[in-house]
Amino acid sequence: MRLSNRMARWLWIEAQGLSRTPTGPLDLAGVIRNLGFVQLDAIRVVSRAHHHILWSRNQNYREPMLGNLLESREIFEHFTHDASLLPMEFLPMWQRQFRRRAARIRNASWWKGMPDAAGRAEIKARIEREGPLSTHDFDTRINGPRKMWQRPPHKLALDYMWYAGELATAHRRNFTKFYDLAERVFPPERLQAQIDDAEQVDWLCRAALRRCGFATAGEIQRFWEAMDSREVNAWIERNRKNLVSLEIEGADGTVAQAWAEPDIDTRLARLAKPTSRLRILNPFDPLIRDRARLKRLFGFDYRVEMFVPAAKRQWGYYVFPLLEGDRFVGRVEVRADRKKNLISLDKMWVEPGVVWSSARDERLSAELSRLSRLTGATEIRRP
């Protein structure tokens with residue numbers, strides 16, 4: 001089966017919950033379940049990435065809602081490709097990821113300053129006595145010259161036990177993480193579920209493929225970052241007879257081989273053209289996170305430049321892609337000043353071949369107005 005570039009875009013946009021107008025009743029847990037996870041990020045230029053991603057799927061979303069969902073134990077926090085929030089029902093299928101992340105840390109040289117088992121046990125005992133604690137409740141210091149990303153011993157211990165599933169995120173306050181014993185956060189029936197690794201890998205691969213609509217082996221692997229390429233390729237070989245082989249046409253006309261689930265015909269038959277609403281997406285939105293897939297399907301070359309020296313940036317510190325229908329039409333630099341209740345559009349770049357009409361400009365203004373309601377801004381400033 002060959003999938004045209006347009007149909008491939010439509011299917012990917014639909015799978016990521018961006019095909020329809022983002023209005024109507026909000027089922028927040030359902031949105032996260034459909035996405036698989038929501039990436040967390042501390043940077044707040046307009047709204048933090050996790051809030052912006054959810055708002056893009058339903059603009060009735062407001063920032064306090066996610067913390068409430070975490071504290072009600074409907075979701076949990078752990079690591080996919082980065083720190084993320086996942087549905088609590090996925091926890092049994094995440095047990096091997098606890099072990100994988102812990103093993104990776106034990107083999108990393110920059111974790112050598114972590115306290116030993118006895119030191120970690122003391123930290124756990126204190127959390128057991130006092131309840132959820134943050135890294136600010138401890139006072140160990142880094143010995144010697146401080147290096148970039150280096151963390152004090154207690155932080156290394158807390159994070160190691162969090163990666164290993166011994167501790168869990170109880171809640172966050174102003175984005176500060178509070179650690180608690182896993183058994184006091186995770187429901188016992190989910191924490192104690194015994195599922196072998198093969199079944200977990202099978203679930204991870206199927207769940208990734210479902211949420212991609214179609215995917216190469218590499219895209220399946222990169223979706224969760226919870227299995228390696230050998231495991232994914234072995235899974236494909238075992239399930240080849242029950243998968244549909246596709247040829248996916250790229251934006252430049254080249255063709256890539258990919259896989260889909262058996263119901264791909266049904267999914268394609270019910271596909272609808274994505275909404276023409278212009279969308280300001282977050283730089284960490286899952287639609288654009290896999291940059292190779294993004295470039296292949298949309299011809300849109302994008303990267304985040306927060307950690308690029310200012311003189312070497314092509315665009316800017318925090319630049320938002322503009323999605324309109326099934327194409328990216330530009331990118332903007334937007335800031336929110338919450339003390340002044342202001343949201344401002346500082347710079348805009350139009351993609352090659354896109355005519356920036358007055359109608360398109362009005363759609364951008366409308367989206368800025370909607371985005372301002374997420375931040376609480378009452379004033380919008382733009383050139």
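Visitor: Taking a salt bridge as a side-chain nitrogen of Lys or Arg within 4 Å of a carboxyl oxygen of Asp or Glu, how many salt bridges does a search of the whole structure find?

Guide: The search finds 32 salt bridges. Bear in mind that this is a predicted model.

Visitor: Take Arg338. Which residue does Arg338 form a salt bridge with?

Guide: Arg338 pairs with Glu63, and their closest N and O atoms are 2.8 Å apart. The two come from distant parts of the chain, 275 residues apart: Arg338 is in the loop between β11 (327-337) and β12 (342-350), and Glu63 is in the loop between α3 and α4 (64-71).

Visitor: Is Glu63 buried or exposed?

Guide: Glu63 counts as buried, at 17% relative accessibility. Arg338 is partly exposed, with a relative accessible area of 25%.

Visitor: And Glu166, what does Glu166 form a salt bridge with?

Guide: Its partner is Lys124, with 3.5 Å between the closest N and O atoms.

Visitor: What about Glu237, how far apart are the closest N and O atoms in its salt bridge with Arg240?

Guide: They are 2.3 Å apart. Arg240 is partly exposed at 40% relative accessibility.

Visitor: Switching to Arg277. Which side chain of opposite charge is nearest to Arg277?

Guide: That is Glu367, 4.8 Å away. The cut-off for a salt bridge is 4 Å, so Arg277 is buried without a salt bridge.

Visitor: Then what does the side chain of Arg277 make a polar contact with?

Guide: With the side chain of Gln59, at 3.1 Å. Arg277 itself is in the loop between α13 (264-269) and β9 (278-280). Beyond four places in sequence, the residues that Arg277 touches include Thr21, Pro22, Thr23, Leu323 and Arg370.

Visitor: Next, helices. How many residues of α3 are buried?

Guide: In α3 (residues 49-57), 9 of 9 residues are buried. Among them are His50, His51, His52, Trp55 and Arg57.

Visitor: And α10 with α11, at what angle do the axes cross?

Guide: The axes of α10 (residues 197-212) and α11 (residues 217-224) cross at roughly 105° and come within 9 Å. That falls between 65 and 115 degrees, so the two helices are roughly perpendicular to each other. On the α11 side, Ile220, Phe223 and Trp224 meet residues of α10 including Trp203, Leu204 and Leu209.

Visitor: Last topic, backbone. What is the phi of Phe175?

Guide: It is positive, about 75°, although Phe175 is not a glycine. Most residues other than glycine have a negative phi. Phe175 is in the loop between β5 (167-173) and β6 (176-181), and is partly exposed with a relative accessible area of 21%.

Visitor: Then Glu225, where does Glu225 lie?

Guide: Glu225 lies in the loop between α11 and α12 (229-239). Glu225 also has a positive phi, about 55°, and counts as partly exposed at 26% relative accessibility.

Note on methods
Residues numbered from 1 in each chain as written. Predicted model: local features only at pLDDT ≥ 70, side-chain atom pairs only at ≥ 80, totals over all residues. Heavy atoms only, no water. Helix = DSSP H or I, 4+ residues; strand = E, 2+ residues; numbered from the N terminus. Buried < 20%, exposed > 50% of the residue type's maximum accessible area, 1.4 Å probe, protein only. Lys, Arg positive; Asp, Glu negative; His and termini not counted. Polar contact = N/O pair within 3.5 Å; in protein donor to acceptor, adjacent residues only side chain to side chain. Contact = heavy atoms within 4.5 Å. Axes fitted to C-alpha atoms, helices over the stretch in contact; angles between N-to-C directions. Parallel < 35°, antiparallel > 145°, perpendicular 65-115°, else oblique.
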